[in-house]
Amino acid sequence: MEEPASLAPAARLLGYAGLLPLIGCAAGLVLLPMHHALLLDAGFGYAALIFSFLGGLWWGQGVARGKASPTLFIVAVMPSLVAWGLMLLRLLGWTTADALLALGIAILVSPVVDLILARGQSVPKGWIALRLQLSTGLGALTLALALL
């Protein structure tokens, strides 16, 4: 079997850069407390967007497989549906902090899907490690926003 390609350096660099908006929101909560609600909303929106993006990655992996199980496509749409559901719950009275808490937990659990997908296909070296690091970072920052 051919050895998998290494992860492109740009993927790693830009993946870590993707944590900057939530780092900015967390810093803003400390430095600009008068903008608390705005910063929580911005953090929720960004974390929900990235969570939906993960579903897109899984969808793309299913399409690349050709005859992927329908279950994979169901799992792939779940992040968008969860993010949308949390947005609706916010409109119905949930606090942004409650939605951030639920979203942070979902993000922290998301690498389980990547681990399962990696068993069925070749992935670039470093992909799973990067996914674990980014999901831990994004999930922890999302939880931090919920608790600040």
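The buried residues of helix α2 pack against α3 and against α7, which comprises residues 127–147. In this predicted model, the buried residues of α2 are Leu22, Cys25, Ala26, Gly28 and Leu29. They cover an arc of only 155° around the axis, which puts them on the same side of α2. The face turned away from that buried side carries exposed residues, namely Leu20, Val30 and Leu31. The length of the helix can also be checked. Helix α2 runs over residues 20–31, and at 1.5 Å a residue its 12 residues should span 16 Å; the end C-alpha atoms are 16 Å apart, so the expectation and the model agree.

The secondary structure of the protein comes to seven helices and zero strands, and along the sequence the pattern reads α-α-α-α-α-α-α. Taken along the principal axes, the C-alpha atoms fill a box of roughly 55 × 30 × 15 Å. For 148 residues, a compact globule would have a radius of gyration near 15 Å; the protein has 16 Å, which agrees with that expectation. Among contacts with a separation of 6 or more, 74% are between residues 24 or more positions apart. Buried residues account for 36% of the 148 residues. The protein exposes about 8300 Å², of which carbon and sulfur atoms supply 75%.

A buried face is also found in helix α6, which covers residues 111–120 and in which Pro111, Val113, Asp114 and Leu117 are buried. Seen down the axis of α6, these residues fall within an arc of 145°, so they line one face of the helix. Their cover includes α3, α4, α5 (residues 96–109) and α7.

One residue of this face may be considered individually. Asp114, located in helix α6, has a relative accessibility of 2% and therefore counts as buried, since the limit for that class is under 20%. When residues up to four places away in sequence are not counted, Asp114 touches Trp58, Trp127, Ile128 and Arg131.

Leaving aside neighbours within four places in sequence, Gly15 is in contact with Ala10 and Leu134. Gly15 and Leu134 are 119 residues apart along the chain, yet their C-alpha atoms are separated by 7.0 Å.

A pair of aromatic rings is described by the distance of the centres and the angle of the planes. A search of the whole structure finds one aromatic pair. The rings of Trp59 and Phe73 have their centres 4.8 Å apart and their planes at 70°, so the pair is edge-to-face. This pair links distant parts of the chain, for Trp59 lies in helix α3 (residues 36–65) and Phe73 in helix α4 (residues 70–91), 14 residues apart. Trp59 has a relative accessibility of 40% and therefore counts as partly exposed.

Note on methods:
Residues numbered from 1 in each chain as written. Predicted model: local features only at pLDDT ≥ 70, side-chain atom pairs only at ≥ 80, totals over all residues. Heavy atoms only, no water. Phe/Tyr/Trp six-rings, centres within 6.5 Å; stacked < 30°, edge-to-face > 60°. Helix = DSSP H or I, 4+ residues; strand = E, 2+ residues; numbered from the N terminus. Buried < 20%, exposed > 50% of the residue type's maximum accessible area, 1.4 Å probe, protein only. Expected span 1.5 Å × (residues − 1). Arc of directions from axis to C-beta. Contact = heavy atoms within 4.5 Å. Rg over C-alpha atoms; globule rule 2.2 N^0.38 Å. Areas by Shrake-Rupley, 256 points an atom, 1.4 Å probe, with all protein chains shown as cover.
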